[in-house]
Amino acid sequence: NVKRKARDFIEALLNTPEIICDMAHVFKQAIAVYVENDIKIADAVMGYWGPGKGGSEVFTFDEKYFKRIEGLKARRTA
């Protein structure tokens, strides 16, 4: 499965001691949702990054994927 291979690769990068990623927790949450809930990886990263910064809503043209992130409100923009 391509998604699982992508998850394994990203997790391996994040677990490499020589690589420092300030948003590792965001990527770990996002990659899990990417595999389990059929969400685009970019949307998952944005969906977890916002609440990590104190946000609870996202404004988007396509709320389909954001609705799959628990606790995040997705609002459609015109």
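Q: What is the mean pLDDT of the chain in this predicted model, and how many of its residues reach 70 or more?
A: The model is predicted. The mean pLDDT of the chain is 83, and 91% of the residues reach 70 or more.

Q: Where in the chain is confidence lowest, and where is it highest?
A: Strand β1 (residues 57-60) has the lowest confidence, with a mean of 74, whereas α1 has the highest, at 91. Where pLDDT is low, the predicted coordinates should not be read in detail.

Q: What makes up the secondary structure of the chain, and in which order do the elements run?
A: There are 3 helices and 2 strands. From the N terminus, the order is α-α-α-β-β. The C-alpha atoms fill a box of roughly 40 × 30 × 20 Å along the principal axes.

Q: Why is I69 called buried?
A: Buried means under 20% relative accessible area. I69 has a relative accessibility of 2%, and therefore counts as buried. I69 is found in the loop between β1 and β2 (73-76). Across the chain, buried residues make up 28% of the 78 residues.

Q: Which residues does I69 touch, leaving out those up to four places away in sequence?
A: With contact taken as heavy atoms within 4.5 Å, I69 touches V33, I39, D43, A44, G47 and Y48.

Q: Which residues have the most contacts inside the largest nonpolar core?
A: They are I39, Y48 and I69, in a core of 13 residues. Helices α2 (24-36) and α3 (41-52) each supply at least two residues of this core. Beyond its neighbours within four places in sequence, I39 is in contact with K3, V33, Y34, A44, Y65, R68 and I69.

Q: Why is F9 described as exposed rather than buried?
A: Exposed means over 50% relative accessible area. The value for F9 is 54%, so F9 is exposed. F9 lies in helix α1 (residues 2-14).

Q: What kind of patch does F9 form with L13 and I19?
A: The three residues form a nonpolar patch on the surface, and together they have about 280 Å² of accessible area. The chain exposes about 5500 Å², of which carbon and sulfur atoms supply 55%.

Q: What share of the contacts between residues at least 6 apart in sequence joins residues at least 24 apart?
A: The share is 27% in this chain.

Key: Residues numbered from 1 in each chain as written. Predicted model: local features only at pLDDT ≥ 70, side-chain atom pairs only at ≥ 80, totals over all residues. Heavy atoms only, no water. Core = buried A, V, L, I, M, F, W, Y, C linked by side-chain atoms within 4.5 Å. Buried < 20%, exposed > 50% of the residue type's maximum accessible area, 1.4 Å probe, protein only. Helix = DSSP H or I, 4+ residues; strand = E, 2+ residues; numbered from the N terminus. Patch = residues over 30% accessible without salt bridge, like charges linked within 9 Å, V, L, I, M, F, W, Y side chains within 5 Å. Areas by Shrake-Rupley, 256 points an atom, 1.4 Å probe, with all protein chains shown as cover. Salt bridge = Lys/Arg side-chain N within 4 Å of Asp/Glu carboxyl O. pLDDT = per-residue confidence, 0-100.
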